[in-house]
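Hi there,

Here's the structure I promised to pass on. Have a look at it first, then read my notes below.

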Amino acid sequence: MSVRWPAWFFVKLPHQLALGWLALVVLAGLASPMLPLPYPPATPDLLHIAAPPAWSGPGPLHYLGTDPTGRDVLAELVFGARQLLLLSLPAAAAATLLGALAGGAAGFWGNRGLAISWAAVPATIAAAWWVAELPQRLTSALILLIISILLLASKYLSLRYSRRSGNATLFFPLDSLVLGSATLLSAVPRLVLVVALAAGPPLGTGGLLVLLLLVAWPDAARLVRAQMLRVRAQPFVEAARAVGLPAGRIWWRHALPHACRPLWAFAPLSVAGLIGLESTLAFLGIGLLPTTSSWGRLLGTLPQEPTAWWLVAGPGLALLFTLLALQRLAYWLSANQHSQLVLPK
Amino acid sequence: MSFWWVFARLGRALLAAWGIASAIFLTVHLLPAAPDEFTLGDPSELGSAVSLRTSASRQAARQALRHRLGLDEPVFYLTRTAGRPVRWQWHGRHNQYHHWLSLLLRGNLGYSYRTGQPVAALLGPALAYSIPLMVLAAALATGLAIWLALGLANASGALTGWQAVARTLLTGIQALPLFSLSLALLLLLANPDLLNLLPADGMSTDYPPLGGVAWLASYGAHLVLPLLSLVLAVLPELTLPLEATLRQELRADYASTARSKGLTSWQVAYRHALPNALLPLLTSFTGLLPTMVAGTVVVEVLFALPGTGRLLAEAAATHDYPLVIASVLLTSIARMLALLLADVLYFWTDPRLRPSL
C-alpha cells in the first residue's frame, strides 16, 4: 500500500481532479441562469465599486467583491463559465469537425483523385449565375446548361464510337485548395487575424463563433490530412477498393474513422487554445459586446485598479484550472490511445 | 537553380500576403456598419462644436466625411445592389479596393482614418520600438531555453529538485494565455500593496532625457516586465521540444562513446549532443514569430508601450481600417519571410534536405 500511493497521488489524483473541475465548470455554465446569485451579471452596483470581498454585513453581499464598474465578481465568474460553453466549446467542436472533413477529403483524394467531367463546369457556372442573380439570368443559365448537355453528349458519343477516352476530365485540386487556404489563414498569427477581422462593429456571440471557427480549423485539417495519407496506403483500404465499394463510402466508413484517431487527444487542446484566444480578446475588449460576461474581461479590469487582487484571483485561478484540466485530459486521452494503437507509424 | 527556388518561394509569400490582406480589406469594408458611423460618433457630442442639430446638416457632414475618407466610392470593381431588384454594376477603376491596391504598389500604405496621418508614419516609430523588444526577448528566451533544456536533459531518470519544479512550471506556463501571465507578474511585482519593484505604466511622462545613465536605467526598468512576460511566453515551446531531442541524442552511441572517454555529463550534452539537437530547434524558432507578434499585442496594451501591438489593438478598437490592414500585411510578409529563411537555413546547415531542382 505504501508503495502504491505515490503513483496514485501523481497519476490518478490529478486526473480525477481535472475531470471534477471540468464537470464543475460545465455544471456552473449550464445552471447559471437558475443559480440563486445575490447579484445578476453585467449590472453595475454603483454603491460598491471595486469593493473587496465581503462575508458579513447588511443586505446581499458581494462574496468575491466587485470590479471597477461595480459588477459582482461571483456572478461574472459563473456567467463566464457559461460563455465558455456557448462560445469556445461549440467553436472548437465545429472547427474540429470542419478540419476533419476538409483534411480527410484532401488527404484521401489528393489533387488527382476527384475527376469531374468537363460538362460539370458550365452546369456549375449556370447554377452560380442563377443563385447570384447575375444579369439575364434565365437566358444565360439556359445557354450554359445547353453547353453542358452538348459536352455530355459529345463525351458519350466519343466513348461510344472511339476508344479514346480519359482526357476529357478535369481534376479537382482538392488538396491544393485545402492546404492553400490553411496556409493563407496561418500567414498571420491567430490573435492578429481575429483582432483585424473584429475591427468592425461588435460581433456578438454568433459572429465571434464563426471567427474562431475560421482561425481554428486549419490545425485539425493538417493533422487529419497527415494521418489520412498514412491510412490511405493501408491494406484494408486497398481491400475495400478491390471489393468495389464506391470511393465516398470507403472514405466515410473505412478511412475517415482511422484518420480521425489523433483528433481525440487534439480536441481538448483545441478547446484550451480557443478559451485562451477568447479570453485574450475579452481582455483586449475587442469584438465582444460590453455586456458579455467573460473571465478575460474581468481580468482586463485589473490595470484600472492595480491593488484589487480579488479581480485576478477568481477568474485567473478558474482559467488556470480549466486550461490545466484540459491539458491533463488531452494527455490522458493520447496515452490511452497509444496503448491501443492499431496503425503502424 | 537554387536562386529560382528562392525566387518562387518569395513570389508565393508575397501572393499569400496580398491574398490575406485583400480578404481582410473586403471583409471589413463589406460589413454592414460603415466606419464613418463610428468616426462621427454620437451626434450630440459634435452638436456644440459644429451645428449638426438638424438631421440634414448631420447628413451633409457624414457625406463630407465619407467623401474625405473615400468611402463614398464602391468597395470593389463589381458590386451587387442590396435591395430588389438585384442589379450588378461594373464600376471600373473607381473603387476603394483599386485605390488601396494602387497606393500599395507605389509603396503607400494609406492614411489613418482617425488622425489623417500616413500609416507608414504611424507604423515607423512603433516598429522601431517593438522590433528591439522582440529581438531582445527572442535572444534571451533562446539562451535561457538552451541552458534549461541542457539542465533538464542531463537529469537521468525521474526529475528531482529544481528540475522537477522547472518542468512543472514550464508545463503550467504553456497552458496559460500570455495576458494572464503578465497580469500575475504585474500583480506580484508592480503592486503598491505588495512588492512595488518595477514601474508598470510603460513610458511615463517624467522620463529622463535621451542618453545617459539615468535614461538607460529608466528605460531598462520599464522594459523588465514586458520583456519577462514575452520570454516566459515563448520559453516552454522552445525548451520542451529541445529537451526531448537532447534526451534522444544522449541515448545515441556517440554519446556513450563520449561518456566512456571520461567526459562529464555536462560536456557530453554541451559539446556533442547540442549541435545535433539544434537543427529541429529551427522549426520552433520560426514558430516564435507569431507567438511574439501576438504577445506584443497583449503586452504593449497591458504595459502601455508605444509599439505596433498597441497600435493594432487601438486601431481595431477605433475601426481605423487602413492601419489594421497595413499591420496585417506587414505581419504576414514577416511571417512568410521567416518561414522562407528557416527553409534556407535548413538547406544550408543540412545538405541532405536540399530540394533536387
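**What I found**

Let's start with one residue: Ala123(A) sits in helix H3 (residues 120-132) of chain A. Helices here are DSSP runs of H or I with at least four residues, strands are runs of E with at least two, and both are numbered from the N terminus. Before going on, note that this is a predicted model, where local features need pLDDT of at least 70, side-chain atom pairs count only at pLDDT 80 or more, and totals for chains, interfaces and linings use all residues. Residues are numbered from 1 along each chain as its sequence is written, while chains are lettered from A and ligands numbered from 1 in the order in which they are written.

Is Ala123(A) buried, exposed or partly exposed? It counts as partly exposed because it has 18 C-beta neighbours inside 10 Å. (Buried means 20 or more other C-beta atoms within 10 Å of a residue's own, exposed means 12 or fewer, and partly exposed is in between; C-beta atoms are placed from the backbone.) Leaving out residues up to four places away in sequence, Ala123(A) touches Leu145(A) and Ser148(A); a contact means C-beta atoms, placed from the backbone, within 7 Å. Thr66(A) is 57 residues from Ala123(A) along the chain, and their C-alpha atoms are 62 Å apart.

Now for where the chains meet: 39 residues of chain A are in contact with 42 residues of chain B. On the chain A side, H12(A) gives the largest share, eight residues. That side divides into 28 nonpolar, nine polar and two charged residues. (Ala, Val, Leu, Ile, Met, Phe, Trp, Tyr, Cys and Pro count as nonpolar, Asp, Glu, Lys and Arg as charged, and the others, Gly among them, as polar.)

Val192(A) and Val195(A) have the most contacts inside the largest nonpolar core, which has 165 residues. (Such a core is a set of buried Ala, Val, Leu, Ile, Met, Phe, Trp, Tyr and Cys residues joined through C-beta atoms within 7 Å.)

Over in chain B, there are 14 helices and two strands, and buried residues make up 32% of its 357 residues. One of its helices, H11(B), has a kink of about 30° at Arg271(B), shortly before the proline Pro275(B). (The bend is the angle between axes fitted to the seven residues ending at a residue and the seven starting there.) Buried residues of H11(B) include Val268(B) and His272(B).

Cheers

Key:
Contact = placed C-beta atoms within 7 Å.
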